[in-house]
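Student: I am new to this structure. Please show it to me, and then let us go through it step by step.

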Amino acid sequence: MRFESILFEQSRAGSGVGGPEEPDYFADLNLDQVLESMTAGRERYELKPLFYAPLHDADAVRYRHEVLRDLDKREVLEPVTRFAETMRQMRQHLDQERKLHYLLQKQAWFLDAAEIYCQAVRALAEELAARDVTSRGLRRFRRYLARYAGSERFTSLAAETQALKDALARIRYAVRIHGPRVTVSRYEGEPDYGAEVEETFAKFKQGAVKSYLVHLPEYAEMDHVEARIIGLVAKLHPDVFGTLDGYCTRHRDYLDPTIGRFDREVQFYLAYLELIGRHKAAGLPFCYPRVSARSKETAAEDTFDLALANKLVPGGGTVVTNDFRLEGPERIFVVSGPNNGGKTTFARTFGQLHYLASLGLPVPGRSARLFLPDRIYTHFEKEEDIETLRGKFEDELVRVHVILEQATADSVIVMNESFNSTTLNDALFVGTEVMRRILDLGCLGVYVTFVDEIASLSEATVSMVSQVVAGNPAERTFKVLRKPAGGLAYAWAIAEKYGLTYERLLERIG
């Protein structure tokens, strides 16, 4: 059986690889922040395009879930992580080899890189053979790796590499320095004067003594004297160094393309597992969602904004979790409540969950059932752009028009506090018309608004309200609960606008 990708089924390998540009909704959902934190230190793998490629098929998602469940096992994760680290060392050697100037030194670094590669392949092949892996991806890769490790191409590379390393290790030479003159000759059994000096002065040693050895810094690049000495050594041993020269020419492309692709693609999993591992250690739950490209009944328990958790967890902050569900004809959450109460965070969470699920990754929450959208659209407040010569309200209308033109029944739309820049009557009129268009499409979404009336437009809308502490409206709980709108959202907005909120009044009275 052929192996093509650890991310995609063979028949779909490469079909979901995204482009170099991040989706325009990434910034609104703070997915750009999540991605930056995951890929930091992994720039050489160019992982971002892989995260720009959501899947739209439930079986493709299950393919990744299977791999991740295998990697959840410590006995599988550890050898894969060691392989990735060893391959990183190999690539560092190749990077260094390209930076060097002296040919013999470049060849030595190249030989070391090939040796590291052979060790990495052999170790992973042996360890995976002894592990219980059940995923289609890792089972197919294990079979490929076993065949490759036993192939003539690899075994001859490994044997030649080891033979050449042994031949170089057997070379002995003598260096005589007399003033400015340096002579290099074959080693003919000359005595080791260092050992003789130590033996002579050993009788004067009295207990522990202070070391006056100076540790000189080591540089990857040889200086011209070292290069000249090695050049003379090569002349003394033309057979070995001639073999080295031919080796570097023949094996310039020793890296197997499939092994190289696995090395890059497995970083997709390792990066995300490392990220959520920190949050799991802080007690936050993650789960493998049940996904569907047909059913739009969605739900999540104890879910949260992953980008916000990234900010709070390192400082020991508390992450508030929320639940939601859409059943039967329900399609849109209409979220209202006081400002700074968690409405925008809830909207971002909804969008993040659907995107992470479509990447085939575990999502924040104790359990989740999610839809695989064809695309995600977001409409968040933006600063006015002087180049467009449009006012804020007009710009919002233009952006909403583009979304409604492009969205389909299989899309997810997240609208956050749209039309706040206009009057209540205009916001009610425009918001109602926009919501009716969204409902006609039948897509899923979240609509954060201060216009409570929109929450009861149809049976497809579900009202969610951000909560405050009973008896203390200044203290937010950041919980967003499924309940009828309280009719106070616009009052909260007006109070905030004119500095009449409970907090602002206390400040002014104080």
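Tutor: Start with a definition: angles under 35 degrees count as roughly parallel, over 145 as roughly antiparallel, 65 to 115 as roughly perpendicular and the rest as oblique. This is a predicted model, where local features need pLDDT of at least 70, side-chain atom pairs count only at pLDDT 80 or more, and totals for chains, interfaces and linings use all residues. Residues are numbered from 1 along each chain as its sequence is written, and side-chain values use heavy atoms, leaving out hydrogens and water.

Student: How are α3 and α11 placed to each other?

Tutor: Helix α3 spans residues 58-71 and helix α11 spans residues 257-281. They pack at an angle of about 60 degrees, with axes 11 Å apart. Therefore α3 and α11 are oblique to each other.

Student: Which residues of α11 make the contact?

Tutor: Contact means heavy atoms within 4.5 Å. From α3 come R64, V67, L68 and L71. Their partners in α11 are F268, Y269 and L273.

Student: Is K48 exposed or partly exposed?

Tutor: K48 lies in helix α2 and touches L35, E36 and T39, not counting residues up to four places away in sequence. Exposed means over 50% relative accessible area, and partly exposed lies between that and the buried limit of 20%. K48 has 28% relative accessibility, so the class is partly exposed.

Terms used: Axes are lines fitted to C-alpha atoms, for helices over the stretch in contact, and angles run from 0 to 180 degrees between N-to-C directions. Helices (H or I, at least four residues) and strands (E, at least two) are DSSP runs, numbered from the N terminus. Buried means under 20% relative accessible area, exposed over 50%, partly exposed in between (1.4 Å probe, protein chains only).
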